[in-house]
Amino acid sequence: MILAVTMNPSVDISYPIDEFKLNDVNRVENVCKTAGGKGLNVARVVVQMEEEVLATGVLGGMIGEYIIQELTKGSIQNDFLKINQESRNCIAILHEGKQTEILESGPTLSSEEGRAFLQKFESLLAKVSLVTISGSLPKGLPTDFYHQMLEISHAKGIPVILDSSGESLKHALLHPEKPYVIKPNGTELSQLLGIEVGDTISSLKKAVDNYLFNGIEWIVVSMGGEGAFVKHGGNYYRITLPEINVVNPVGSGDATVAGLAVALNCHQTVEVVLKTAMTTGMLNTMEAGTGFINMNKFKRYFNEVKVEKLD
Ligand code: ATP
């Protein structure tokens, strides 16, 4: 089973409005509410791939209850640490072809709650063979919190796919207990290294050879429609994709993480791991919903992904 961690989940609300009026009343008819957060998207895609997943993290209040209801409705097993504060709402107003977002920052966790989550995390590891950790940390937790989770998983010999950014990712890379996989996109890679990483093979090679990534088994730099650049086991790979009809690319990175998790958990070959991850990413872009893929199309697009091992 795969454990999918989301430390700061949300209810994502979208308000489609024909014409958004500032400083006036805007009425909405078709409100769409979903359980959101990167790790929940990962869990959703893993379930669609018919693999077992357990969603965990921290949530609370009525919004937390709603998230649990939604997960249960979607047949996603879940076991979250419950806190007294409310989880957050993230609102997207879709108007005139634009998207205006209002993102609550969510609860501030105490150090006791942080410790309680680490205990829960450790106990859940007994049930799983791979962990995905996605997204940002809630307020109140130290920036080395993901490193603490890596230490615990490392002691139990459970590999971790870490898909985060900024300081919490950087902290996690500075210690001997490395994630097994990271999946930065180009912007996250540049931010992490503090330089603008170009999309040529030589600049990507130089970037992934940075000492920060020493000891990480898979560095998957996702590049949207351009596919990905990967370093694994001392080898470099360039992956290219077919032309596809993109409907909504949001959450493609999470779908890619789900594909990586499922293929790695099944001990697939390098080529199958990379083709699976790219295919689930692509399939997510072809659906309107975030974290949804149509598995009936999997084989067709899987066969069109090209993996090239570079010299
Ligand atoms: P997000 O933050 O929206 O979850 P991301 O920035 O982490 O995404 P991307 O690099 O945009 O991740 O996309 C991940 C993968 O999804 C790509 O490697 C690719 O397989 C697929 N993908 C994304 N955008 C496109 C696209 N326009 N055409 C084809 N495939 C795409």
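Leu150 sits in helix α4 (residues 145-155), and with 2% relative accessibility it counts as buried (buried is under 20% relative accessible area, exposed over 50% and partly exposed in between, with a 1.4 Å probe and protein chains only). Welcome to a short tour of this predicted model, in which local features need pLDDT of at least 70, side-chain atom pairs count only at pLDDT 80 or more, and totals for chains, interfaces and linings use all residues. Residues are numbered from 1 along each chain as its sequence is written, and side-chain values use heavy atoms, leaving out hydrogens and water. Helices (H or I, at least four residues) and strands (E, at least two) are DSSP runs numbered from the N terminus.

**Around Leu150**

- Not counting residues up to four places away in sequence, Leu150 touches Val160, Leu162, Ala172, Glu177, Lys178 and Pro179 (contact means heavy atoms within 4.5 Å).

**Helix α8 and its two partners**

- Two packed helices are described by the angle between their axes and the distance between the axes. Here, axes are lines fitted to C-alpha atoms, for helices over the stretch in contact, and angles run from 0 to 180 degrees between N-to-C directions.
- Helix α1 (residues 38-48) packs on helix α8 (residues 252-265) at about 50 degrees, with the axes 8 Å apart. That angle makes α1 oblique to α8 (under 35 degrees is roughly parallel, over 145 roughly antiparallel, 65 to 115 roughly perpendicular and the rest oblique).
- The α1 and α8 crossing is right-handed (a crossing is right-handed if the near helix is turned clockwise from the far one by less than a right angle, and left-handed if anticlockwise).
- From α1, Lys38, Asn41, Val42, Val45 and Val46 meet Asp254, Ala255, Val257, Ala258 and Val262 of α8. By class, this contact has 7 nonpolar, 1 polar and 2 charged residues (Ala, Val, Leu, Ile, Met, Phe, Trp, Tyr, Cys and Pro count as nonpolar, Asp, Glu, Lys and Arg as charged, and the others, Gly among them, as polar).
- Helix α9 (residues 270-285) packs with α8 at an angle of about 150 degrees, their axes 7 Å apart. This crossing of α8 and α9 is right-handed. The contact has 7 nonpolar, 8 polar and no charged residues.

**The two faces of helix α7**

- In α7 (residues 201-208), the buried residues are Leu204, Ala207 and Val208. They lie on the same side of α7 because they cover an arc of only 90 degrees around the axis (the arc is that of the directions from the helix axis to the C-beta atoms).

**Positive phi in two loops**

- Asn23, in the loop between β2 (10-17) and β3 (32-36), has a positive phi near 60 degrees without being a glycine. With 83% relative accessibility, Asn23 counts as exposed.
- Glu50, in the loop between α1 and β4 (53-60), also is a residue other than glycine with a positive phi near 60 degrees. With 71% relative accessibility, Glu50 counts as exposed.

**Lys306 in strand β15**

- Lys306 belongs to strand β15 (residues 306-310). Leaving aside neighbours within four places in sequence, Lys306 is in contact with Arg238, Ile239 and Thr240.
- Lys231 is 75 residues from Lys306 in sequence and 16 Å away in space, C-alpha to C-alpha.
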